[in-house]
Amino acid sequence: MNQGRYELLIAGYPLCWWTRRFKLPLHVLFGPSVKANVRAFRKVFQEHYPHGKICFAAKACAAVLPLIREEGAGADVASYNEARMALEAGIPPSMIDLNGNCKEDRLIREAVSKGMLIVADSIEEFRTICGIASSLGKKTDVVVRISGYPIEEATALAVFTAGTWTKFGVPLRDIPSFISSLGEDLPVNFCGFHTHIGSQIADLEPYIAVLGKMVEMSHLLKDHGFPCTVINIGGGFPVSYLGAGEWNQVLARVTEGYRKALSGDMSRIYVWHNSPAGFMGEADGTVNLDRWRGEKFHTPYGKEKMLGAILQSTIEVRGKSLRATEALKGLGRPLLIIEPGRSIVEDAGVTLAKVSLVKRVAGHHNLLLIEMGVLDHCEALTELILRRWMIAGDHRRHDKSPFEAFVGGNLCFSGDMLSRYKVSFQRAPARGDVVIIRDTGAYNSSFMAANANSFPRPDRVLVNADGSLCLLKKRDTYRQIFRLVSEAPDMEAFRGEGALLRE
C-alpha cells in the first residue's frame, strides 16, 4: 500500500478504482507478498538447516495454494476439500500433510492411497489409520501429534493448542507408554512427531521447550526400533502488527484505563467494556496488571525470523544443552517440517469497508460503525485483536489530534465488535468514508464467513505481480443467499421419519 500523489494506491491501483469496480466491504490479497514470504522461510532453511520442508496451513487462506506450489512449498490440510484443492493446485501428495483432530475415514483412505504424510491426532486415531492402511495394503508415513506441554502462557487461550486443556494431540506424559506398546510390524511408517503450539507465538521460549521434548521423544522412538525421520514443529510463527513502542503504549493504556475505571473515572477506558484484555486470568479470578497472558501484537521474531531463532537456539535434550541443529544432527537429520499460515499471508492482505456513522457510548467514548460484520473479520470473534486502521480517502489530511474510537459492525448481536481496543484514526471519519484495515490476509476473510442478517459474503480479490486480478470469491447475490429457501424440500419424504420421532 503506497501513497500516490493525490490518492492512496492499493496494490498499484488508486482507491477510487477499487470502489468503482467492487462493492464494499472488499478483501484484497497481493500475490507477490505471499510468494516473498515463502521465499524468506526457505532462505532460513537453506542457511541453517537445508533438510527442511514448508507446508502452508491451508486453513489460513486456501485460495493461495497455486502460489504456494509455484514457490515449491507444500500444504498442511485438515479436510477433504482442502486436500482436493491442494492436489488441484498441483501440489504433489508427498508435499501434503494431513492434519486435524477429526478425520473422516474417506479422507484417511485418500491420504493413505496417495502417500500423504498423516498427522495422527490421538492414539485412537493412530489405530484407525493403521486399520485403514492394513485394509488397503499400503503403507504411508505417520507422525503423532503431542500436546500437554507446561507452556500455558505461550499465547491467548483461544488459539493455544498444545497445553493440558486442548482437544488436540496426545499428552506428552502418555508418549513413552504408547511407544512401548507398539509391536515391530506396523502397517504404517511411524516416523516421528508433530506439535503445533498455537497461533501468534511471539516469544522464542515455547518453541525451545517444545523442540527439546520432541527430540527427546524422537530418541525414545529410535531406541524402540522406529527411526525418526520427521519432526514437525507446526506453525504459529508470528506477525509483528505494531512496533515495540506502540505495543508498550497499548499495555500502558490498558492498565491506566482499567485502574482509572475502578476508581470511578470512566473516561480513560481503552478496552471495550473495561476489559483488562490479556491481563486476565489468575487462578483465583483476580486481575494481575503486571502479567500479560493474552495474544501479543509485537515480536522481535516476526515471520521467518522466528524460524531462524529456533534453529540457532540452544535446547535441553536429556539433561544436555545442545544447539538445535546439533540436536537434529544427532537424530540423523530428520526432515524438519513447519506449517506457517498466518505469517505467509497476513501482511499480504487488506480489507476495505465503508463508514456508516459515529456515535457516543458509555458517556465518554466514540463508537465507529462500519458496513461490515465480524464474520468477515473473524479473529475478533475469539480474541481481542489489534490491527492498523486508517481512513483511505483524503488520507493526507490530519486533524490536530487523532480520532479514537471503538469499532462495531452491522450485525444484530452485541458481540459484533470489530475492534474492542480503541483505534486511532488520522482524522474524524464521516459517513461514506472508506477505512482500510491492514494485515488481514489470514483467516479473517473466509474462515467464519457466513450470511448473518442475510448480508452477502464480500468479494475477495488476488492481485498478481503483473497487476492482473483473480477473483477468489464473488460477492453473494440475493438468489444465492436464499437459494435454500426457494428450493423447498419434499416434506412427504420427512413425514414417515417424523412419525417415528414422535413415537
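This is a predicted model: local features need pLDDT of at least 70, side-chain atom pairs count only at pLDDT 80 or more; totals for chains, interfaces and linings use all residues.
Residues are numbered from 1 along each chain as its sequence is written, and side-chain values use heavy atoms, with hydrogens and water left out.

Let's start with the cores. A nonpolar core here is a set of buried Ala, Val, Leu, Ile, Met, Phe, Trp, Tyr and Cys residues joined through side-chain atoms within 4.5 Å; buried means under 20% relative accessible area, with a 1.4 Å probe and protein chains only. The largest one has 94 residues, and Phe126, Phe193 and Ile231 touch the most other members. Helix α8 gives the most to this core, eight residues. Helices are DSSP runs of H or I, at least four residues, numbered from the N terminus. There's also a second, separate core of 38 residues, with Phe279, Val355, Ala380 and Leu418 among them.

Back to Ile231: leaving aside neighbours within four places in sequence, its contacts (heavy atoms within 4.5 Å) include Phe193, Leu211, Met214, Val215 and Leu331.

Now, His219. Where does His219 sit? In α8, which spans residues 205-223. Is His219 buried or exposed? His219 counts as buried because its relative accessibility is 17%. Beyond its neighbours within four places in sequence, His219 is in contact with Val317, Arg318, Gly330 and Leu331.

Notes. Helices (H or I, at least four residues) and strands (E, at least two) are DSSP runs, numbered from the N terminus. Buried means under 20% relative accessible area, exposed over 50%, partly exposed in between (1.4 Å probe, protein chains only).
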